[in-house]
Amino acid sequence: MHNVVISGTGLYTPANSISNEELVQSYNTWAQQFNAENAEAIERGELQAATESSAAFIEKASGIKSRFVMDKAGILDPQRMKPRLPERSNDEPSILCEMAVAAAKQALERAGKTAADIDAVIVACSNLPRAYPALAVEVQQALGIQGFGFDMNVACSSATFGIQTACNSVQLGQARAVLVVDPEICTGHLNFRDRDSHFIFGDACTAVVVERADLATSKHQFDVVSTKLLTQFSNNIRNNFGFLNRAAEEGIGQPDKLFVQEGRKVFREVCPMVAELIGAHLAENDIQVSDVKRFWLHQANLSMNHLIVRKLLGREASVQEAPVILDTYANTSSAGSVIAFHTYQDDLPKGALGVLSSFGAGYSIGSVILRKR
Ligand code: CO8
């Protein structure tokens, strides 16, 4: 069995950002139009009036101030309220492939590796562009990597599940190094006309190089001390979009074919599960919670992260201990915890311990214990 390190990380951030104020203005314009157009039906009680959204509520309830997006104009157009991302020919790289390649190149550079050093590509994310061929194989070709690639989807936890899968391949000698990429265009499947969730997501892509410790040369290495995963079925975060939709015409275009959640229930149920999993994982590895210098947590909701770390540490965490990126990125699904890891790692001293943790739909939870080399 080979020892494994994460030797490089990369991040692609879209050029445009939408503030809460801009998003709410677009939503409220749509809500006013909807109410005016349907005034009689609303009056008769046949339709429910749309209630206005509020930037102050969004920041207070979630900690989110803005989000990066692949298409700002389409999302903010009250007549459209979804990104406009034109179809491409089969001979052009897909948009998710372009994001993946940008993040991967930075990860390879930080790892001091080239395509020739990588033996596998795992694309791990919530929203894949098509049924087949696998996006990972397209990314593999775009980067000129030999070996194999495959896609996997465990919603927001895809990154940590991808890292564990990559670690297994490297430990077993099936690959010298594996590139794990998390491209997320969450705005593609977000219902911007749903007041409860229209503010939650943004777009981004992250990449991680997982490689054999004895081959790693970079200045950005972390030993993968241990990984631990957990899933438990729940309908509280669900999206019924899928390949059988065309076989049931009655459901096409219905709101359940986009992201839907019971946010309160998710908050209540997931926080204790995450704290328990991380606590048990640290205990199994004879590590005191107080010895952990940094928690790179999934970035969905600021209060959620505060609660999880409070349960673990028995006190409030500082921003150095549990860094926040959701204020400017919002929830980027699988990319979130890796954005936090990528952005807040270089200041840690040799030997410092950290936990990378994701949580989301499934429910799915992942914990990766890392030690700075
Ligand atoms: N503006 C003003 N008021 C609002 C708004 C709004 N936009 N939305 C709701 N309200 C009102 C409600 O009507 C309610 O009013 P009242 O009390 O009068 O009934 C009040 O505000 C409180 O509403 P909530 O109870 O819904 O508010 P919460 O405090 O629970 O906050 C959150 C809502 C922020 C959504 C919170 O519940 C949360 O963050 N929960 C956790 C969610 C989470 O972590 N989900 C993970 C999902 S991500 C995942 O797994 C990946 C999926 C794959 C990606 C898909 C890409 C699209």
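## Contact between helix 8 and helix 9

In helix 8, the residues V266, F267, V270, C271, P272, V274, A275, I278 and G279 meet S303, M304, L307, I308, K311 and L312 of helix 9, where contact means heavy atoms within 4.5 Å. Sorted by class, this contact of helix 8 with helix 9 has 12 nonpolar, 2 polar and 1 charged residues; Ala, Val, Leu, Ile, Met, Phe, Trp, Tyr, Cys and Pro count as nonpolar, Asp, Glu, Lys and Arg as charged, and the others, Gly among them, as polar.

The axes of helix 8 (residues 263–284) and helix 9 (residues 302–313) come within 9 Å and cross at roughly 40°, which makes helix 8 oblique to helix 9. Axes are lines fitted to C-alpha atoms, for helices over the stretch in contact, with angles running from 0 to 180 degrees between N-to-C directions; those under 35 degrees count as roughly parallel, over 145 as roughly antiparallel, 65 to 115 as roughly perpendicular and the rest as oblique. Helices (H or I, at least four residues) and strands (E, at least two) are DSSP runs, numbered from the N terminus.

## Basis of the model

This is a predicted model, in which local features need pLDDT of at least 70 and side-chain atom pairs count only at pLDDT 80 or more, whereas totals for chains, interfaces and linings use all residues. Residues are numbered from 1 along each chain as its sequence is written, and side-chain values use heavy atoms, with hydrogens and water left out.

## Salt bridges

Across the whole structure, a search finds 15 salt bridges, each being a side-chain nitrogen of Lys or Arg within 4 Å of a carboxyl oxygen of Asp or Glu. One of them joins R373 to D223, with the closest N and O atoms 3.4 Å apart. Because R373 lies in the segment after strand 13 (364–372) and D223 in strand 8 (residues 222–231), the pair ties together parts that are 150 residues apart in sequence. D223, R371 and R373 are linked in a network of salt bridges.

## Exposure of the paired residues

R373 counts as partly exposed at 38% relative accessibility, while D223 is buried at 16%; buried means under 20% relative accessible area, exposed over 50%, and partly exposed in between (1.4 Å probe, protein chains only). In the salt bridge between R130 and E138 (2.7 Å, N to O), R130 is partly exposed at 31% and E138 is buried at 16%.
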